[in-house]
Amino acid sequence: MTTEAPPLSEPLEIQFDYTRSLGPVLGRFMTGLAERRIEGVTGSDGRVHVPPVEYDPMTAEPLSKFVEVGQEGTVLTWSWCAEPVAGQPIQRPFAWALIRLDGADTALLHAVDVETPEAIHTGMRVRVRWADEPVGHIRDIAYFLPADAPDDQPPPPTSPPPPAAERADGASVNTVVTPIKLGYEHTVSPEESRYLRALGEGKLIGQRCPKCEKVYLPPRGACPTDGVPTTTEVELPDTAIVTTFCIVNVPFLGQQITPPYVVAYILLDGADIAFLHLVRGCDADEVRMGMRVRAQWRPREEWVTSMRNIAHFEPTGEPDAPYESYAHHL
Amino acid sequence: MSRVSVVGFAQSDCVRRTPGTTNGVEMLVPTLAEAFKQTGLSKSDIGFWCSGSSDYLAGRAFSFISAVDAIGAFPPINESHVEMDAAWALYEAWVKIRIGEVDTALVYGFGKSSAGTLRRVLSLQTDPYTVAPLWPDSISIAALQARLGLESGRWSEKDMAEVAARSLADARENPQAQRSGESSVADLLDASMTADPLRAHDIAPITDGASVVILAAEDRARDIVSRPAAITGIEHRVDSPVLGARDLTRSPSTETAGAALDVKDIDVAELHAPFTHQELILRDALGLDDAVRISPSGGVLAGNPMFAAGLSRIGEAARRVMSGDADRALAHATSGPALQQNLVAVMEAQS
């Protein structure tokens with residue numbers, strides 16, 4: 001491959017609020033946290049598990065005997081987090097620790113607010129610092145402090161608190177909501193980069209598989225039939241046929257066009273794979289399989305490296321393509 | 001039931017950052033070609049395909065579907081995927097051959113670990129109710145485990161540095177390694193802490209990469225290579241996800257997986273230990289003494305492509321059997337925080 005500009009890449013952030021139902025054991029634990037109380041569950045061997053487990057780890061028996069434990073505990077091991085990442089309880093250097101609360105037999109993982117690694121040690125006594133407004137979430141324990149830390153110690157910077165799950169007044173907590181937000185550097189392949197850059201100049205660039213000679217647009221990098229790199233570039237016209245289509249009548253969040261409208265598989269003249277796009281410029285009930293269409297490009301000053309540059313496809317008025325000419329693309 | 005042999009292994013270079021996509025196609029196409037060249041097989045010879053990768057790592061849904069482009073999946077192929085290290089995809093393929101459904105299988109794994117913040121993404125492997133909402137990063141969790149061993153006297157910082165020094169020295173012979181070099185234990189111990197008690201040398205690098213292993217039923221294997229690596233046993237086990245409820249200085253799941261196999265008279269063991277102290281835990285769990293050559297490839301401290309590195313351990317161990325450097329080799333793969341889940345395979349020269 002010849003030297004060329006590096007593949008296009010962009011930061012990509014994905015986000016989703018995971019809403020999880022809790023069941024009787026974790027529900028009771030979270031309800032306790034919302035009331036600034038920590039409850040463990042007693043196992044079949046009498047050991048107290050904090051956080052509670054739903055089933056005994058040895059006998060698999062469902063567990064339901066709850067016991068309140070202390071809000072002070074002992075550090076069993078710790079590690080130093082010099083560069084916290086987003087979402088961690090404390091947003092300046094802090095210690096992670098496994099903490100055995102008084103009255104518990106297992107340890108809870110949480111953050112401890114100390115300024116330096118020298119200020120924490122295994123065996124140290126720590127106590128809970130509650131969130132200002134507990135909602136029934138593990139983050140209701142904002143973090144731990146050395147047991148002897150003064151009450152008026154200024155708080156560290158923290159991550160935003162989780163949202164409160166809906167519940168009726170006085171009802172127990174049966175759901176937790178945890179926002180998950182992840183950042184990536186999203187990169188497209190060299191072939192896709194050439195395709196997208198060409199779109200930015202109003203051109204449609206596909207690639208031909210050297211083996212089966214099929215033309216792919218967008219280009220794939222590897223032929224999905226033969227698994228070999230697709231190397232030969234082919235410039236395609238912006239005329240096409242509709243192979244198949246649907247009429248969208250359902251409104252949804254973020255919809256940009258008022259229903260009804262047509263989403264169709266568009267097969268460019270000379271291409272062997274269809275892509276999804278909009279058909280407009282006629283009533284939805286006039287769109288047909290085999291209909292001839294042409295790209296309607298947005299004004300040149302709006303072009304970016306995206307298929308968005310084509311606003312939609314419109315009927316050309318030419319006779320429909322015969323069914324046999326596209327049947328194998330359905 | 002037929003025994004199953006490894007007949008081919010190829011891997012991409014281990015690199016800090018590839019310019020490729022998160023669906024791995026660019027890393028997989030040449031790696032698959034290399035595996036086919038080694039074995040003389042082609043796509044139509046493969047009865048079953050199985051891959052390991054993660055959408056969380058890729059930051060997109062169904063990234064493994066795009067990866068299928070790299071193998072050429074038309075006409076339709078017999079294919080499966082695990083959202084785990086591809087060592088577990090190999091286990092699925094092993095079962096397919098054992099039950100006689102197919103007699104060849106190709107297993108691949110890929111990961112572009114550099115696309116996101118790896119240690120943060122991996123925190124989502126933990127319990128989603130009481131742990132993951134705190135975003136405990138993978139390095140901090142491993143550091144909690146390391147300290148437990150240090151303070152209980154099960155290992156020392158020097159033991160850990162020795163693992164790093166040996167791994168990086170061995171990696172000089174591995175052209176696909178990301179890190180290699182000669183370093184003295186004393187120099188390593190002079191370095192400052194990255195995540196107290198872990199130093200940079202204790203932590204596997206962030207690696208993009210892919211690997212491929214080809215399996216065949218024993219009766220087909222000898223037609224493909226002269227000295228197939230027959231899998232005499234493969235077992236996997238899991239420990240409790242509750243980090244505060246298990247003894248993190250041991251790996252009971254590795255112990256029980258190993259106990260179900262014959263792990264005596266091993267020449268070479270490739271261990272999947274992303275942190276130096278985890279190699280010490282694994283050697284202990286598997287009863288590997290000083291006579292066993294540990295991770296001659298340099299192991300994952302020399303390059304740790306997520307979701308492919310465990311499969312690569314099986315491939316590296318098999319390669320040494322196939323080349324005649326070893327008669328019996330052990331491979332180990334891990335998944336999850338603090339060695340939560342472990343797979344152990346034993347291979348020997350097919351007689």
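The model is a predicted one, in which local features need pLDDT of at least 70 and side-chain atom pairs count only at pLDDT 80 or more, while totals for chains, interfaces and linings use all residues. Residues are numbered from 1 along each chain as its sequence is written, with chains lettered from A and ligands numbered from 1 in the order in which they are written.

Chain A is split into domain 1 (11–180), domain 2 (189–236) and domain 3 (238–330), with bounds that come from an automatic or database domain assignment. Taken over C-alpha atoms, the centres of domain 1 and domain 3 of chain A are 53 Å apart.

Next comes the meeting of the two chains. Here 54 residues of chain A are in contact with 43 residues of chain B (C-beta atoms, placed from the backbone, within 7 Å). On the side of chain A that touches chain B, β10(A) supplies the largest share, with 8 residues; strands are DSSP runs of E, at least two residues long, and helices are runs of H or I, at least four, numbered from the N terminus.

In chain B, helix α7 (157–170) packs on helix α11 (276–286) at about 95°, their axes 8 Å apart. Axes are lines fitted to C-alpha atoms, for helices over the stretch in contact, and angles run from 0 to 180 degrees between N-to-C directions. α7(B) and α11(B) are therefore roughly perpendicular (65 to 115 degrees). Residues of α7(B), including Met160(B) and Val163(B), meet residues of α11(B), among them His277(B) and Leu280(B).

Definitions and conventions. Contact = placed C-beta atoms within 7 Å. Parallel < 35°, antiparallel > 145°, perpendicular 65-115°, else oblique.
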